[in-house]
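Subject: Structure handover

Hello,

Here is the structure for you to look over. My notes follow below it.

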Amino acid sequence: MGWLWAIIVGFVLGLLAKAILPGKQHSPLWLITIFGIIGGIVGNSLAMAFGIGETRGIDWGRHALQIVAALVVVWLGDMAYMALRGRKQSA
């Protein structure tokens, strides 16, 4: 069940990051989901490092770090995807 939950959260984080980022992202939906999963993992790791990984009630700090990490990962991942895709088309 943990893997299913990670995929669902990654999908939501990826879509949120894609909606927040300005401009058009060219990565396919499956790749945006993977970027969201990676962003969630990075955000959780940062929250644990800052000591806000587990708090009473809603973990707003952890969720904010997950969204910020997803934004960065989607942005960098889309740039890498376009660089690789452009290289394939020119060959």
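Is D59 buried or exposed? With a relative accessibility of 6%, D59 counts as buried. Buried here means under 20% relative accessible area, exposed means over 50%, and partly exposed is in between (1.4 Å probe, protein chains only).

Some ground rules before the rest. This is a predicted model, in which local features need pLDDT of at least 70 and side-chain atom pairs count only at pLDDT 80 or more, while totals for chains, interfaces and linings use all residues. Residues are numbered from 1 along each chain as its sequence is written, and side-chain values use heavy atoms, with hydrogens and water left out.

**Overall layout**

The chain has three helices and zero strands. Its pattern along the sequence is α-α-α. Helices (H or I, at least four residues) and strands (E, at least two) are DSSP runs, numbered from the N terminus. The C-alpha trace spans about 55 × 25 × 20 Å along its principal axes. Of the 91 residues, 31% count as buried.

Contact means heavy atoms within 4.5 Å. Among contacts with a separation of 6 or more, 62% come from residues 24 or more positions apart.

**The D59 site**

D59 is in the loop between α2 and α3. The side chain of D59 forms a salt bridge with that of R62, at 3.0 Å, N to O. A salt bridge is a side-chain nitrogen of Lys or Arg within 4 Å of a carboxyl oxygen of Asp or Glu. A search of the whole structure finds one salt bridge. Both partners, D59 and R62, are buried. D59 also contacts G53 and E54, leaving aside neighbours within four places in sequence.

**The core**

The largest nonpolar core has ten residues: L13, A17, L21, L31, I32, F35, A70, L71, V73 and V74. The term covers buried Ala, Val, Leu, Ile, Met, Phe, Trp, Tyr and Cys residues joined through side-chain atoms within 4.5 Å. At least two residues of this core come from each of α1 (2-20), α2 (29-50) and α3 (60-90). The helix that gives the most is α3, with four residues. In soluble globular proteins, nonpolar side chains tend to be buried together.

I32 is one of the core residues. Not counting residues up to four places away in sequence, I32 touches G10, G14, L15, K18, S27 and V74.

**Helix α2 and its surroundings**

α2 has 22 residues. From first C-alpha to last, α2 reaches 31 Å, close to the 32 Å expected at 1.5 Å a residue. That expected span is 1.5 Å times one less than the number of residues. The buried residues in α2 include G36, G39, G40 and G43, as well as T33 and A47. After α2 comes G51, with a positive phi near 80 degrees.

Q66 lies in helix α3. Q66 counts as buried, because its relative accessibility is 7%. Beyond its neighbours within four places in sequence, Q66 contacts L13, G39, G40, G43 and N44. Q66 and S45 are 21 residues apart in sequence and 9.2 Å apart in space, C-alpha to C-alpha.

**The surface**

The accessible surface of the chain comes to about 6,200 Å². Carbon and sulfur atoms account for 74% of that surface. Areas come from the Shrake-Rupley method with a 1.4 Å probe; for residues, only the protein chains shown count as cover.

A nonpolar surface patch of about 830 Å² is made by L4, W5, I8, F11, V12, L15, L16, I20 and L29. Patches take residues with over 30% relative accessible area and no salt bridge; like charges are joined within 9 Å, and nonpolar side chains (Val, Leu, Ile, Met, Phe, Trp, Tyr) within 5 Å. α1 gives the most to the nonpolar patch, with eight residues.

W5 is in helix α1. W5 counts as exposed because its relative accessible area is 57%. W5 and L71 are 66 residues apart in sequence and 20 Å apart in space, C-alpha to C-alpha. L15 is also placed in helix α1. At 35% relative accessibility, L15 is partly exposed.

Last, G23. This residue is in the loop between α1 and α2. G23 is exposed, at 63% relative accessibility. G23 and G2 are 21 residues apart in sequence and 33 Å apart in space, C-alpha to C-alpha.

Best wishes
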